[in-house]
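This report looks at how parts of a complex meet, between chains and within one chain. The sequence and structure come first.

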Amino acid sequence: MSKEVVSKEKSMIIQKEMIASLSKELSNVKKTGKKVVYTFVPGNISELIRAFDMLPVYPEINALQSGMRKKSEKFIRDAEKMGHSEDVCTYVKCDVGMMINGNVGSGGDVVPPPDLLLLSYTGCFTFMKWFETLKRLYPEVPVAMLHTPYQAGHKITPEMTDYMVKQLKTEVIPKMEKVSGNKYDENKLKEILRKTSITEDLIMKIFDTTKNIPSPIDAYFAGVYYIGPINNGFRGTQEAVDYYQMLYKEILERVEKGLGPITPEGVMEEEKFRLVIEGPPNWTHFREFWKLFYDLGAVIVASSYTKVGGVYDNGFRVDPEKPLESLANYCMNCYTNLNLEQRVELLSDCITKYHADGFMVNSIKSCNSFSAGQLMIMRQLEEKLEIPVGFIESDLVDPRYFSYSNIKNRLESFFQMLEQRKLYSDK
Amino acid sequence: MKKYYLGIDLGSTTSKAIIIDEEDKIIGRGITNTRANYMVATEIARFEAIYNARFSILKMKLENEIKSNPTYEKYISDVESAFQYLQFKHKLEKLRIKFMDTIATTFSDDKREVIKKIVEGIVNTIGPEIRDAYLFSNLGSKNQFFRDIVSERYNAEIKKSESDLFDPLMLVYDKSITSVENELTEFDFKELIFQSIELMNEKYAKLDEALAANDSSIKFDTEINLLQGNYKKIYNSLKDHLEFVANMDLHITNMVGTGYGRALLPFPEKSIKSEILCHAFGAHAIFPNTRTVLDIGGQDTKAIQVDSHGLVTSFHMNDRCAAGCGRYLGYIADEFSISLNELGPLAMEAKKEVNICSTCTVFAGAEIRELLNVGEKRSDILAGLHRSIVMRAMSLLARSGGVKNEFTFTGGVARNQAVLKYVSELVYKNYGNDITINIGTDSIFMGALGGAMFARRSMTN
Amino acid sequence: MEALKDILATCEEIAFDLNFTRAKEWKSQDDNRVIVGYMPIYFPREIIHAANGMTVGILGGGDRKMIIKGDAYYQSYICHIPRSIMELALDGHFDSFDGFIFPSICDVIRNLSGTFQILGKGKFVKYMDYPQNFVANIGGEFYENELQNVLDEVYKINHVKVTPEKLNHSIKLFNKNRELLRKIYDIRQEFPWRLTAADVYHIVRAGYMIPVEEHNQILEDVVYHISQDINEPLDNIRVVVMGAFCEQPPVGLIKTIELAGCYVVEDDFLLGARWIQKDIQEIKAGGTLLSSISYAFLNNSTYSSSLYDAEDPKERRLLELIKTRKVDGIIFAAPSFCDPALLDHPILQKACEVNNVRYISFLFSENTGQFKVIKEQIGTFSDSIKLWE
């Protein structure tokens, strides 16, 4: 690592300002009268929320931030005291725990209660149980269910799109009109989606820069910051367009200079291993987890987790001229809504396109949507591509499931195996 | 000067050391139980490996003479047994002192004398017992550790004493053993070897008398040749060689550490290797056709696939759940109040396998008690437990891509006969009867061997 | 008519036949017959029946299958049923099956369908995405479309076209089946000692393994027998067991509950067989082929953890059930790591507390073998209710 003081990139500053302004707006809703919609990152149709001048809140993001701020363990335990099982999703328990502890968000402000629960049921069964639970905490708040059909048959059929558009028209939009007091304005939505489309292009270009050697970015540990704005309610905003343009420019400069990715300890100087990672990261020990990789010279060139809020690899972009169809197709195209074969294909393309030396699974105890079937995915890739594969386990926000020495032991073995194979193939 | 290489495998239950020569041939082995003080454990293993290496070098040096005169070999291995005994004796002496010290500081006056007397009696009984076990039954070759050897006999003795003294006597032992175990003594090899020879002379002289008296209670076997008034002659012709190996500078050119606790070893970063790579490399060196390696260690179970060069192509380790590792067996042994070594043999006596559901360490205890309650036999329960552990390992093997010919089973648990039985049974059942299954006598040393081999290669590269 | 104990013995044998002998025999009698395996919870078996097919329940290996390969595909924090289903699949138990249906129970089962797709099991693998919207021209239409996809797959295999007449015939048979099951539960509600809960389980489960015509005959006979005044009542409390709708409880567990002093008068073990709560109507002239099947799902379904409960909260449904079945207490028995069941428990348990309904809860897995601890818990539970009343 270079010793120079890590200077904050301009894009990072912009992102911080964006997030801060959103949480300020949220803390002011009592004064401004703006309505608040709770919803999820996958199938995150914040364009529609914004079209009604409402503000989105993401319980998943609250939970992951509680994890990063080391508050999740208490929240989880409090939810377990209420009768939640040790076996179930810790995002839900962390969120419930946060709510019963006053619903204080990362900035120290109280997160306003929901005016609408937008149950965007996309790629995760637990989302449904989660909002059924919230419904009991906020009995007066209406729930709008948007059922996103799973891509079980490997594709999106016209019937699936039709089903979703009808739900948007008859269930989601009427409820939003009622809660916000505003009429649905399709032109406004189209305008927002135009910006979304630009953003989607930029995001794909940004994650494509890992084609370079060395890779200018880490597509997992830094990638989770890059997807922050689109996953946090800024889809279709001018701020997001500005942010991604700035970020892309900065990354291109790095590429020109032949620089490697930025880590919390400076620029990574020697890129030894290029990996593709499947599965969300652990949030409670995020820095230590990242360090285990960059200390050993490993950079992540692609990750499935950065695609949970939308997959753009196969050319999908919203079409502003078909706004509701676009929202529907966007939802159905999120990573965890793809079937296992599609996931294998996508990961396989990433491994090839970004010249990865290895594939690694971080299997998350909480998240069956990701985890069940990962061993099958891993074996498929191993057989198809003859690529070395590695497997570690942790959890999203339950620190009790993060065993540093256990993960370190497996990672060391994995990297030594890669090194040995490299040495041998060089000979 | 010849070059030697050392591999240290600091495991969670045992610490192993291996010394190899320039041809990857194993010339020294050392093993001890891992304890709180891991440095002492690795040093003990290392010393033991170096002593053992000197004996191996002696045997190699005399290879031709041994061929024409087999009594030489017997003589050397007897000397090695005596050598091991003398180290043991030194420790037992320390333990005796520690016992007295503990008794003096732990008990009130009235109890003190009684306990002191009993403990002295115990030490005086087990001392000669163990001496004979070393000198006549080759105890040293059984890889038993000081703690196990003493505790087995100490426990047997206190069972004979009055029951109300059982707890205080256990207390004396528990309070004393650890500090003695953690004391590190480096012996002067030369001094000890000549003491050993004296001890041998005594042994043979006694046997000589017995032979003369036609005492049939003593078995002579190969000793008979040595005894035909020969041992002094043999000593004379070996003396110079013994002196040579005692004086020789055994130069360790490079070393590599591995194992669960490898991060604790004070080695430079490049001299620390993952146990996955080491186990595979070691197993492949002993059985060059190995393609799949299963290693069941104390903390981890690993299923490893290797290529024709012994390089790892893929591996899988047990998940968070420790069921199926050596630690689980330790827990089961505690639950049955027997030693780890007795588990396998008892399970082998089973008439059937009781179906065990919880492979979870936490729940297994309750399940075992329930099974005992409903009248299941201990051996049958143990058989079921062993099989369930092996089934976990089988799943891991399936996860890593199955068993390919040849299959090598390594790690401390490979010494458990019941585990071996189920591994063979299930490998044949799931992957066909033509799979070759390798289990070497050195199975527990594979990690250390791999380490030593990496040490040699990183010097020659 | 066969004696009750013989019928029960037959049912037990059929229920746990992991080789699916009866289904295979049935299939072998006609080249055009197909077998479609389906997982819990619910699938409208009528439509397969009308297409000259038979649906066979895939309910896991229980405690009768040694798991090695199945474990290779699932981490330790995932429930047990996908492991045993994989083991059965890899060992060829489903080789004569033509297709597989995985209803949307949870993400684990959803992804299991993907694993079957990758393994290339059967001629089709269908993940049935049940609508979570219950409006006829929205969720209903989507549902009909999903079912039509299944029929298209079967048609590709045997070229049997489902006509309204055939489907109406099948609907009649399954209406009869559900009616008889309702009768058995109703009689047991009055006279729970006439049939043990384990017997009921075997009887219902046998229906997942044999043609509906044969099962209806068995049910008729059982209803006849238990309409007689047989067996002696015990001083047991009456309970409902909830949470075991997918991964099945070992029969030992069901027996333990009754041995510990509880009559199980309602349960969700094999809920799919009783999912539709009223008779399905015949297809009306002018309606689409699948409209009445769809109508029944949207309007007459029971409640479950896998279904969004927007308009009719599950706790209300549970409390209603407690009243109609005159239950003394609830046993929440969920499989370990079952997200849908376990995430519902705090909601349901809170409703119990508010309404003074007594309950206990514990976890199991399909291969749990020892029940002593559970027996003690349940025994204490039933004793305390008896003393309290």
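## Domains and confidence

Domain bounds, as used here, come from an automatic or database domain assignment. On that basis chain B is divided into domain 1 (1-70 + 195-225 + 237-287 + 447-461), domain 2 (79-181) and domain 3 (288-439).

The model is predicted, and the predictor gives the complex an ipTM of 0.95 together with a pTM of 0.91. For chain C the average pLDDT is 95, with 100% of the residues scoring at least 70.

## Domain 1 against domain 3 in chain B

The C-alpha centres of domain 1 of chain B and domain 3 of chain B are 28 Å apart, and 14 residues of domain 1 are in contact with 24 residues of domain 3. Between them these domains bury about 1,500 Å², 72% of it on carbon and sulfur atoms; on the side of domain 1, Ile276(B), His284(B) and Phe287(B) supply 45% of the area buried against domain 3, more than any other three residues.

Across this interface there are 7 residue pairs in polar contact and 1 salt bridge. Glu275(B) and Lys302(B) meet through their side chains in a salt bridge, at 3.9 Å from N to O.

## Chain C against chain B

Here 15 residues of chain C are in contact with 17 residues of chain B, and the area buried between the two chains is about 1,300 Å², with carbon and sulfur atoms giving 55%. Met66(C), Ile68(C) and Gln370(C) supply 44% of what chain C buries against chain B, more than any other three residues. The side of chain C that touches chain B comprises 6 nonpolar, 6 polar and 3 charged residues.

Across the interface of chain C and chain B there are 0 salt bridges, whereas 4 residue pairs are in polar contact.

Definitions and conventions: Residues are numbered from 1 along each chain as its sequence is written. Chains are lettered from A and ligands numbered from 1 in the order in which they are written. This is a predicted model: local features need pLDDT of at least 70, side-chain atom pairs count only at pLDDT 80 or more; totals for chains, interfaces and linings use all residues. Side-chain values use heavy atoms; hydrogens and water are left out. Contact means heavy atoms within 4.5 Å. Buried area is the accessible area (1.4 Å probe) that two parts lose on being put together, summed over both. A salt bridge is a side-chain nitrogen of Lys or Arg within 4 Å of a carboxyl oxygen of Asp or Glu. A polar contact is a pair of N or O atoms within 3.5 Å; within protein, one must be able to donate a hydrogen and the other to accept it, and residues adjacent in sequence count only if both atoms are side-chain atoms. Ala, Val, Leu, Ile, Met, Phe, Trp, Tyr, Cys and Pro count as nonpolar, Asp, Glu, Lys and Arg as charged, and the others, Gly among them, as polar. pLDDT is the predictor's confidence in each residue, from 0 to 100.
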